[in-house]
Amino acid sequence: MEIKDLKSLVRYNPEKMAKIPVFESEKLFFDLYALLPGQAQKAHAHEGSDKIYYVLEGEVVVRIGEEEALLAPGMAAIARSGEAHGVRNESANPALLLVVMAPRP
């Protein structure tokens with residue numbers, strides 16, 4: 001059995017958004033994304049894979065396709081296969097997300 005304490009894995013990188021692997025397999029990945037104010041993940045797409053963003057702490061603006069929305073803790077959004085997606089932290093506080101993608105690209 002694999003168990004991880006997510007809080008102990010969290011780290012912020014002043015240079016760019018931190019992608020922190022938690023679990024991965026041939027079929028999916030489960031990561032933490034840690035964004036300081038002003039940091040972002042550029043919009044991109046994955047053919048054949050869906051991605052879910054779930055906010056643990058802070059707030060982020062998520063872009064999926066041509067739409068944008070502000071996500072707060074407890075909120076989630078899905079980017080389906082082929083949809084351009086990305087996130088950015090426009091707030092004054094750090095943001096922490098759980099990100100799951102399946103199948104793994």
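Pro37 is partly exposed, with a relative accessible area of 39% (buried is under 20%, exposed over 50% and partly exposed in between, with a 1.4 Å probe and protein chains only). The residue lies in the loop between strand E2 (29-35) and strand E3 (40-44); helices (H or I, at least four residues) and strands (E, at least two) are DSSP runs, numbered from the N terminus. When residues up to four places away in sequence are not counted, Pro37 touches Asn89, Ser91, Ala92, Asn93 and Pro94, a contact being heavy atoms within 4.5 Å. Pro37 and Pro94 are 57 residues apart along the chain, yet their C-alpha atoms are separated by 5.8 Å.

The model is predicted, so that local features need pLDDT of at least 70 and side-chain atom pairs count only at pLDDT 80 or more, whereas totals for chains, interfaces and linings use all residues. Residues are numbered from 1 along each chain as its sequence is written, and side-chain values use heavy atoms, with hydrogens and water left out.

Strand E5 (residues 60-64) is mostly covered, 4 of its 5 residues being buried. With strand E6 (residues 67-71), E5 pairs in the antiparallel sense over 5 bridges; pairing requires that DSSP finds at least two bridges between two strands. Within this pair, Val60 stands opposite Leu71 in E6, and Ile64 stands opposite Glu67 in E6. The two strands form a hairpin with 2 residues between them, and Gly65 in the turn has a positive phi of about 65°. E5 also pairs in the antiparallel sense with strand E8 (residues 85-88), over 4 bridges. In E8, Gly86 is the bridge partner of Arg63.

Overall, the chain contains 1 helix and 9 strands, in the order α-β-β-β-β-β-β-β-β-β from the N terminus on. Its radius of gyration is 13 Å, close to the 13 Å that the globule rule gives for 105 residues, so the chain is as compact as a globular protein of that length. This radius is taken over C-alpha atoms, and the rule is 2.2 Å times the number of residues to the power 0.38. The C-alpha trace spans about 35 × 35 × 25 Å along its principal axes. Of the 105 residues, 32% count as buried. Among contacts between residues at least 6 apart in sequence, 61% join residues at least 24 apart.
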